[in-house]
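Hi everyone, thanks for making time today.

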Amino acid sequence: MFLALRELRFARGRFGLMGLVIALMAVLMVMLSGLSAGLVNDGVSGLKSMPVTAFAFDEGTREDNAFSRSVVDAEQVAVWRDHPDVAAAEPMGVSIVNAETADGRQIDLTLFGVEPGTFLEPEVGEGEGLGDDPAGIVVSATARDEGLELGTVVTLDRIGTELEVVGFTEG
């Protein structure tokens with residue numbers, strides 16, 4: 001104990017620097033964990049805002065890529081609809097795509113394919129709902145910050161499909 005106290009007294013600078021390094025590492029870890037939590041929340045915010053309590057995947061789908069690999073057909077959806085513990089079941093597709101506006105601006109989109117008129121259709125704060133137009137999309141209000149407006153046509157990269165913004169979600 002005597003040696004430890006003597007070492008602390010004579011090498012204050014060294015122990016102070018070691019303490020400072022440990023404190024900075026702790027602050028860095030807090031910042032990185034906050035950043036990663038924010039990125040995860042940003043990535044799944046669309047799913048979290050949906051009015052659902054559960055998702056069904058095709059049997060045998062691996063857990064690490066369930067949304068991109070699972071294909072549930074109409075028969076499986078019908079089975080879920082008939083299940084006594086299920087209030088409603090609707091098919092849904094999810095895809096992450098790159099898109100470009102007519103003026104050449106690049107946009108990253110996560111597309112949720114839903115049947116119009118079902119409980120999965122997003123609530124529209126401005127514009128129209130999905131309706132019968134298969135090329136109409138309702139985008140989040142944050143997409144307006146990226147320059148999207150009602151009537152803007154976005155073209156999906158690689159497949160060339162053109163989609164027109166018909167509405168913005170609330171919130």
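Have a look for a moment.

Before I answer, a word on the ground rules. This is a predicted model, so to speak of local features we need pLDDT of at least 70, and side-chain atom pairs count only at pLDDT 80 or more, while totals for chains, interfaces and linings use all residues. Residues are numbered from 1 along each chain as its sequence is written, and side-chain values use heavy atoms, with hydrogens and water left out.

Thr169 touches Pro122, Glu123, Val124, Gly125, Val138, Val139, Ser140 and Ala141. Thr169 itself is found in strand S6. Helices (H or I, at least four residues) and strands (E, at least two) are DSSP runs, numbered from the N terminus.

Let's follow one of those partners, Val139. Thr169 and Val139 are 30 residues apart in sequence, yet their C-alpha atoms are 6.2 Å apart in space. Leaving aside neighbours within four places in sequence, Val139 is in contact with Leu148, Val165, Gly167, Phe168 and Thr169.

That brings us to the core. By a nonpolar core I mean a set of buried Ala, Val, Leu, Ile, Met, Phe, Trp, Tyr and Cys residues joined through side-chain atoms within 4.5 Å. For burial, under 20% relative accessible area is buried, over 50% is exposed, and partly exposed is in between, with a 1.4 Å probe and protein chains only. The largest nonpolar core has 13 residues, and the ones that touch the most other members are Leu109, Ile137, Val139, Leu148, Val154 and Val165. Strand S1 (92-101), strand S2 (106-114), strand S4 (136-139), S5 and S6 each give two or more residues to this core. S6 supplies the largest share, three residues. Apart from it lies another core, of seven residues, among them Leu47, Val114, Leu130 and Val166.

Now let's zoom out. How many helices and strands are there in the protein? Four helices and six strands, and along the sequence they follow the pattern α-α-α-α-β-β-β-β-β-β. The radius of gyration is 25 Å, well over the 16 Å that the globule rule gives for 171 residues, so the protein is more spread out than a compact globule. For the record, that radius is taken over C-alpha atoms, and the globule rule is 2.2 Å times the number of residues to the power 0.38. Along its principal axes the C-alpha trace spans about 80 × 50 × 30 Å. Of the 171 residues, 18% count as buried. Among contacts between residues at least 6 apart in sequence, 49% join residues at least 24 apart.

The protein exposes about 12600 Å², with carbon and sulfur atoms supplying 57% of it; accessible areas come from the Shrake-Rupley method with a 1.4 Å probe, and for residues only the protein chains shown count as cover. Met1, Leu5, Leu8, Phe15 and Met18 make a nonpolar surface patch of about 530 Å². Helix H1 (2-10) and helix H2 (12-48) each give two or more residues to that patch. Patches are made of residues with over 30% relative accessible area and no salt bridge, with like charges joined within 9 Å and nonpolar side chains (Val, Leu, Ile, Met, Phe, Trp, Tyr) within 5 Å. Phe15, placed in helix H2, has a relative accessible area of 31%, so Phe15 is partly exposed.

Next, charges. The structure holds four salt bridges, each a side-chain nitrogen of Lys or Arg within 4 Å of a carboxyl oxygen of Asp or Glu. One of them joins Arg144 and Glu126, with the closest N and O atoms 2.6 Å apart. This pair links distant parts of the chain: Arg144 is in the loop between S4 and S5, Glu126 is in strand S3 (residues 124-127), and they are 18 residues apart. Another joins Glu7 and Arg14 at 3.5 Å, and another Arg81 and Glu90 at 3.1 Å.

Most residues other than glycine have a negative phi. Arg158, though not a glycine, has a positive phi of about 70°. Arg158 lies in the loop between strand S5 (153-156) and strand S6 (162-169), and at 91% relative accessibility Arg158 counts as exposed.

Methods: Contact = heavy atoms within 4.5 Å.
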